[in-house]
Amino acid sequence: MLELIFRKSISGFERNKFLMTDFITYIISSMVKYTLFSLPFFIIFRGIVFIKRRRINIWHEVGLFVFIIAISAIIPIAIIIPNEAFQKSEFEYSQFNFVPGLIIRDTIKDITQKGEWYSFTVSIIGNIVGFMPFGFFTSLLWRGASLKKALIVGFTVSLFIEIYQIFLPRVTDIDDLILNTIGAMLGYFVWKLLSRIVNLKRFYINQT
């Protein structure tokens, strides 16, 4: 019996490992593709801005491009039809979920009862970490940073994505909206902490 349980745990671990590897590979390859696709547009747009202003803040431009890279990691799982590995984390649900905490509860249950941590990693951790750049970079790159601003940005972007996902084979989920907003909030707090350690004002588009 113990040997059977051990074999099941190994099998479950290997399955989760395979799904995560597939998912991470998908994210990285998509991020590279969308970053390369956006690069010419970024150069042209920022070149026009430079011509009009006759000056450029290299720190701001670098930060802005890193922000674009972060957004490129979100695109394939937010507004593009996902790969098979990602779909495995949503197949149990109908197209709409308006019950707060439903998917959070179920993914935690998958860990405690089935040893399935893939869905938790993607649906919970992924939704939080994926939106941290919105709170962090909007505070880093533009003046007037505040927790309220970070929450509004995170909530608004997430709401747009959830509405857009109505037209995709995806779950429009209130939990995603909550977790994304939390992610933006955490991103703001990371910026707040770093701003007390190092001078981040150099990243503002117009330094004083």
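A: With the words for angles: those under 35 degrees count as roughly parallel, over 145 as roughly antiparallel, 65 to 115 as roughly perpendicular and the rest as oblique. Axes are lines fitted to C-alpha atoms, for helices over the stretch in contact, and angles run from 0 to 180 degrees between N-to-C directions. The model is a predicted one, in which local features need pLDDT of at least 70 and side-chain atom pairs count only at pLDDT 80 or more, while totals for chains, interfaces and linings use all residues. Residues are numbered from 1 along each chain as its sequence is written, and side-chain values use heavy atoms, with hydrogens and water left out.

Q: Which elements does the chain have, and in what order do they run?

A: Helices (H or I, at least four residues) and strands (E, at least two) are DSSP runs, numbered from the N terminus. This chain has 7 helices and 2 strands. Their order from the N terminus is α-α-α-β-α-α-α-β-α.

Q: How do α5 and α6 lie to each other, oblique or roughly antiparallel?

A: The axes of α5 (residues 118–141) and α6 (residues 147–164) cross at roughly 140° and come within 9 Å. The two helices are therefore oblique to each other. For handedness, a crossing is left-handed if the near helix is turned anticlockwise from the far one by less than a right angle, and right-handed if clockwise. The crossing of α5 with α6 is right-handed.

Q: Which residues make that contact?

A: Contact means heavy atoms within 4.5 Å. From α5 come F131, F134, G135 and T138; from α6 come K149, A150, V153, G154, V157, S158 and I161. For sorting them, Ala, Val, Leu, Ile, Met, Phe, Trp, Tyr, Cys and Pro count as nonpolar, Asp, Glu, Lys and Arg as charged, and the others, Gly among them, as polar. The residues of this contact divide into 6 nonpolar, 4 polar and 1 charged.

Q: At what angle do α2 and α5 pack?

A: Helix α2 (residues 58–78) packs with α5 at about 165°, the axes being 10 Å apart. This pair is therefore roughly antiparallel, and α2 passes α5 in a left-handed crossing. On the α2 side are H60, G63, L64, V66, F67, A70, I71 and I74, which meet G130, P133, F134, F137 and L141 in α5. That contact divides into 10 nonpolar, 3 polar and no charged residues.

Q: Is G135 buried or exposed?

A: Buried means under 20% relative accessible area, exposed over 50%, partly exposed in between (1.4 Å probe, protein chains only). G135 lies in α5 and is buried, at 0%. Not counting residues up to four places away in sequence, G135 touches A150, A184, G187 and Y188. Its C-alpha is 8.0 Å from that of W191, 56 residues apart in sequence.

Q: And where do N97 and Q165 lie?

A: N97 lies in strand β1 (residues 96–97) and is buried, with a relative accessible area of 4%. Q165 lies in the loop between α6 and β2 (172–173) and is buried at 2%. Beyond its neighbours within four places in sequence, Q165 is in contact with I77, A78, Q95, R170, V171 and T172.

Q: What share of the chain counts as buried?

A: Of its 208 residues, 39%.
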